[in-house]
Amino acid sequence: DSTVGSYRGLFGAIGPNASIMNVIVADSYIFGNGEVGGIAGQNFGGFVMGCYNRSYVGGAGSSIGGIVGQNFGGVIGCGNSGTVYGEGRYIGGVVGMNTSNGTDPAATEATVFQCCNTGSVIRDNDTSEAAIGGVVGASIDDTVFHCYNAGSVSNKGLVSGGVVGSADRGNVENCHNVGNVSAKAYAGPIVGRVYNNPTVKNSYY
């Protein structure tokens, strides 16, 4: 619990050979600056599977997620019901930022698969072009498949999406949203804003 530290979570950061499975975080308060998640602040190429967060997760910086703050690996079959709050960019009910590690030629595609969120995702700061989403805040050239959101998504900044806040290239497929979505400028029931022609298909609200 620190407003000045980054990489906050049950695990601050995990590497490419790590797997976290079937872990529940409940009745806790997790807060930091950037890269904050209920399970892991950063997933640098590992796997987080079958995990659940029932706690408050918040951050003063960017990449805040109910399960993983910044994801470069796989987040599979995970769920969040806790409130996720952020003041910076990229805030998501499950993952804040989903992207491959462009500096590592051996990196695999970052994937969020079969994940759900029922908690509120909130951003109270209106000072920057921040994206927040019910499942993923921002996904860059990567994959969000078979995910579901039923939580409210409320951004005083520019961009909110029911499933993904902003999608830049990559894929958002077979997703579902029933949560309320609001933003200052761009609010979409599935994706709030798209860049560079991502594939968005077979999704409904």
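**Reading the strands of a predicted model**

User: I'm new here. Which residue in S5 is the bridge partner of Ile14?

Analyst: In this predicted model, Ile14 has Asn43 as its bridge partner in S5.

User: What holds strands together in general, and in which ways can they pair?

Analyst: Strands of a sheet pair through backbone hydrogen bonds, and the pairing is either parallel or antiparallel. Here, seven strands make an open sheet with parallel pairing, in the order S1-S5-S9-S14-S19-S24-S29.

User: Which strands stand at the edges?

Analyst: Strand S1 (11-14) and strand S29 (191-195) do. Each has a single partner strand, so one side of each has no neighbour in the sheet. As for the angle, neighbouring strands of this sheet are turned by 10° against each other on average, ignoring direction.

User: How many helices and strands does the whole chain have?

Analyst: Zero helices and 30 strands. The C-alpha atoms fill a box of roughly 35 × 35 × 30 Å along the principal axes.

User: What about contacts: how much do residues 24 or more positions apart account for?

Analyst: Among contacts with a separation of 6 or more, such residues account for 81%.

User: And what share of the chain is buried?

Analyst: Take buried as under 20% relative accessible area; buried residues then make up 53% of the 205 residues. The accessible surface comes to about 8,000 Å², and 48% of that belongs to carbon and sulfur atoms.

How values were computed. Residues numbered from 1 in each chain as written. Predicted model: local features only at pLDDT ≥ 70, side-chain atom pairs only at ≥ 80, totals over all residues. Heavy atoms only, no water. Helix = DSSP H or I, 4+ residues; strand = E, 2+ residues; numbered from the N terminus. Buried < 20%, exposed > 50% of the residue type's maximum accessible area, 1.4 Å probe, protein only. Contact = heavy atoms within 4.5 Å. Areas by Shrake-Rupley, 256 points an atom, 1.4 Å probe, with all protein chains shown as cover. Pairing = 2+ DSSP bridges. Axes fitted to C-alpha atoms, helices over the stretch in contact; angles between N-to-C directions.
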